[in-house]
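Open the structure in your viewer and keep the sequence beside it. The stops below say what to select and what is there.

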Amino acid sequence: MHIRPRCANRFSTLSASLKSSLKIVSRFFLLFLLLCFCFVIFLTGSAMLRPNTAFYRNLFETTALLATEGVYHKVGGITLDNYSDAFMINIVYSMDPQAPFNAIMENKRAQTKEILSPPEMLEKIVKSEFAPENLGYQKYFRYWHGGTALWRTFLFFGNY
């Protein structure tokens with residue numbers, strides 16, 4: 001007769017618990033990868049959208065509104081951050097539909113040699129008040145602007 005030591009039961013219980021935990025962790029990891037993949041597809045798809053008349057009309061209205069409100073606009077007791085919004089819309093405006101994957105990874109934005117606030121700069125760039133030689137592009141790698149997919153899509157249907 002073979003006698004199993006007491007610790008063998010503990011290890012079998014531990015290994016079952018460990019297997020269960022690894023199964024849960026692996027499912028979360030696969031879900032994370034699936035969500036990342038879907039997000040990249042959504043971003044790339046939005047960058048591929050060709051700007052049309054409605055897009056530009058909504059963009060002009062948005063930039064005019066941001067420029068008149070200024071950098072930090074107060075509505076009641078709330079302060080709106082037009083600095084970041086103009087920054088993001090500049091990235092949306094600067095997306096190249098010919099290279100959508102590069103556009104979403106580089107987060108390229110137009111900038112001028114003049115020192116202006118983002119709402120002012122965006123308005124002047126969109127209204128084409130700068131000659132191409134006075135306009136440059138800066139890549140912004142600090143963090144990934146995933147919200148630009150939503151901004152770009154929404155600008156096809158309405159303004160800010």
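Select Glu106: this residue is partly exposed, with a relative accessible area of 21%. The model is predicted, so local features need pLDDT of at least 70 and side-chain atom pairs count only at pLDDT 80 or more, while totals for chains, interfaces and linings use all residues. Residues are numbered from 1 along each chain as its sequence is written, and side-chain values use heavy atoms, with hydrogens and water left out.

(A salt bridge is a side-chain nitrogen of Lys or Arg within 4 Å of a carboxyl oxygen of Asp or Glu.) Glu106 lies in helix H4 (residues 100–106) and Lys139 in strand E4 (residues 135–139), so the pair ties together parts that are 33 residues apart in sequence. Helices (H or I, at least four residues) and strands (E, at least two) are DSSP runs, numbered from the N terminus. Lys139 is partly exposed, with a relative accessible area of 43%.

How many salt bridges does a search of the whole structure find? It finds 2. For another pair, select Lys127 and Glu123, whose closest N and O atoms are 3.2 Å apart. Lys127 is partly exposed, at a relative accessible area of 45%, whereas Glu123 is among the buried residues of H5.

Stay with H5 and select residues 118–126. Of its 9 residues, 7 are buried, so this helix is largely enclosed by the rest of the structure. The buried residues are Pro118, Pro119, Met121, Leu122, Glu123, Ile125 and Val126. They pack against H2, H3, E3 and E4, where a contact means heavy atoms within 4.5 Å. After H5 comes Ser128, which has a positive phi, near 55°.

Next, select H3, residues 82–93. This helix is mostly covered, with 9 of its 12 residues buried. Among them are Asn82, Asp85, Phe87, Met88 and Ile91. To see what covers the buried residues of H3, show H2, H5 and H6 together with strands E1 (72–75), E2 (78–81) and E3 (108–112), which are included in that cover. The end C-alpha atoms of H3 are 16 Å apart, which agrees with the 16 Å that its 12 residues should span at 1.5 Å a residue. The expected span is 1.5 Å times one less than the number of residues.

Move to helix H2, residues 53–69. Its 17 residues reach 24 Å from the first C-alpha to the last, close to the 24 Å expected. Which residues of H2 are buried? They are Ala54, Phe55, Asn58, Leu59, Thr62, Thr63 and Leu66. Look down the axis of H2: the buried residues fall within an arc of 155°, so they line one face of the helix. The arc is that of the directions from the helix axis to the C-beta atoms. On the other side of H2, Thr53 and Thr68 are exposed. The cover over the buried residues of H2 includes H3, H5 and helix H6 (148–154). Just after H2, Gly70 takes a positive phi of about 90°.

Zoom in on Asn58, which sits in H2. Asn58 is buried, with a relative accessible area of 5%. Leaving aside residues up to four places away in sequence, Asn58 touches Leu155, Phe156, Phe157, Gly158 and Asn159.

For a stop on the surface, select Ile24, Phe28, Leu31, Leu34, Leu35, Phe37 and Ile41. Together these residues form a nonpolar patch with about 740 Å² of accessible area. Patches are made of residues with over 30% relative accessible area and no salt bridge: like charges are joined within 9 Å, nonpolar side chains (Val, Leu, Ile, Met, Phe, Trp, Tyr) within 5 Å. Accessible areas come from the Shrake-Rupley method with a 1.4 Å probe; for residues, only the protein chains shown count as cover. Ile24 lies in helix H1 (residues 6–48) and is partly exposed, with a relative accessible area of 46%.

Finally, show the whole chain. It has 6 helices and 4 strands, in the order α-α-β-β-α-α-β-α-β-α along the sequence. Of its 160 residues, 30% count as buried.

Conventions:
Buried means under 20% relative accessible area, exposed over 50%, partly exposed in between (1.4 Å probe, protein chains only).
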